[in-house]
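Hi,

Here is the structure I promised you.

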Amino acid sequence: MDRKLLFSAFALTLVSCFGGKGNPDDDTGPQGDPLQADLLFVLDNSPSMYDEVGTLGLGFDDLAASLPTDIDFHLAVTTLSADPEDDADGDGSLIEPGEVGTFMGVGAFTTSSDWTSELRRTMLCEGTCWPGECQGDDTDGCIPNDPSYQCDDDPGDQITWDSLECICGAGWEPPPCGSGTEEGLEAALLALCRATSSPPDSCFDHAGSPLTQADAGSNPGFLRPETPTVVLILTDEGDGSRVLSQGEDDPQEYLDLFQEIGGALSIAVVGPAYDPETHNFECNSGGATSWGTRRYQRSAEITDGFYTSIEECNAPDGSCSGADSEYCAPTDFEGVWSSLVELLQAGASDVNGWW
């Protein structure tokens, strides 16, 4: 049987006898809203990502404008750091928000709140590895100042230190940078395992899992029974998740682990600009591997999600190459939001047809 058809049939069975996903005391479910979903952002907070995340964070009003006013989302943000990085006591026990699948900001929140502001604040203030504030005439590799900026001004399309202080609060300092090993599939799995009150044993015993039974339900208020889940991974790197060997481009083992959690799941990725037919990268500022990128592309293909490039080439001849081209720029996220809305509409119209 075709693998995608097999997954769709499996998802139909899971949804029809749903029991593992979310809090069993939560009996909310889809009530005919055309755009109802639990949407998890998995964010690359490595040093090479601040331009892209800045562009993303400023664009949530565009996402909101493309959606109906009666949307019913549960939203949450975690990072690709599947291990603790800033461990003050050195024993590996200190987990910062966003690490090891934990949620950042206020945790899970809904579109009944001021969700665009909450997403922006979480991503820009807690989920981005910013360089330092520019000093004097030095404007290279730092965040510029704009003393004329007022907190009620429109920041436009450029992040400044002053606009960040307005969003994040006076005296704000950039958060620690994330892990050097970006594990998008692992981090998403850990976040969903934490969001489940009774996770399967595989959450704890898959290779290298950092979770214990005490972590069950530690991401509350996110997953709902019979509500499709979208995992949206944003990164300029390929996947380096621990269950798979380096060089392995087949994500099947992780997709099997996701299936054990239950429910309808789709994976979308905004990732490196890699063409698997020509085996070429464009605008590969993160130094992504081809096999790690193919894991993401295949995950999106198999789960009926989407994959789009996180950088765009603006060269006059239409071609960019090398690790860091002067003609490469962060993608226009309006296209990402359009793809996301189409994905949500497809899933809401037939939740049983999702992977």
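Before the notes, one term: by a nonpolar core I mean a set of buried Ala, Val, Leu, Ile, Met, Phe, Trp, Tyr and Cys residues joined through side-chain atoms within 4.5 Å. Also keep in mind that this is a predicted model.

With that in hand, the largest nonpolar core has 44 residues. The members that touch the most others in it are F41, L119, M123, L232, W337 and L340. Helix α10, which runs over residues 333-349, supplies the largest share of this core, with seven residues.

Setting aside its neighbours within four places in sequence, W337 is in contact with F41, L56, G59, F60, D62, L63, S66 and L232. Two names there, F41 and L232, are also on the list of residues that touch the most other core members.

There is also a second, separate core, this one of 35 residues. Among its members are V42, A82, A191 and F258.

Now the cysteines. How many disulfides does a search of the whole structure find? It turns up seven, and I'll go through some of them here.

Take C125 and C168, whose sulfur atoms sit 1.9 Å apart in a disulfide. The torsion about their S-S bond is about -90°, so this disulfide is left-handed. C125 belongs to helix α4 (residues 115-126) and C168 to helix α5 (residues 161-168), so the pair ties together parts that are 43 residues apart in sequence. C125 is buried, at 6% relative accessible area.

Next, C134 is joined to C142, with an S to S distance of 2.0 Å. This link is right-handed, with 100° about the S-S bond. Are these two cysteines buried or exposed? C134 is buried, with a relative accessible area of 6%, and C142 is buried as well, at 10%.

Then there is the disulfide of C151 and C166, with sulfur atoms 2.0 Å apart. It links distant parts of the chain: C151 is in the loop between α4 and α5, while C166 is in helix α5, 15 residues apart. The torsion about the S-S bond of C151 and C166 is -80°, and the link is left-handed. As for accessibility, C151 counts as exposed, at 57%, whereas C166 is partly exposed, with a relative accessible area of 25%.

So helix α5 holds a cysteine from two of these pairs, namely C168 and C166.

Cheers

Definitions and conventions
Residues are numbered from 1 along each chain as its sequence is written. This is a predicted model: local features need pLDDT of at least 70, side-chain atom pairs count only at pLDDT 80 or more; totals for chains, interfaces and linings use all residues. Side-chain values use heavy atoms; hydrogens and water are left out. A disulfide is a pair of cysteine sulfur atoms within 2.5 Å. Helices (H or I, at least four residues) and strands (E, at least two) are DSSP runs, numbered from the N terminus. Buried means under 20% relative accessible area, exposed over 50%, partly exposed in between (1.4 Å probe, protein chains only). Contact means heavy atoms within 4.5 Å.
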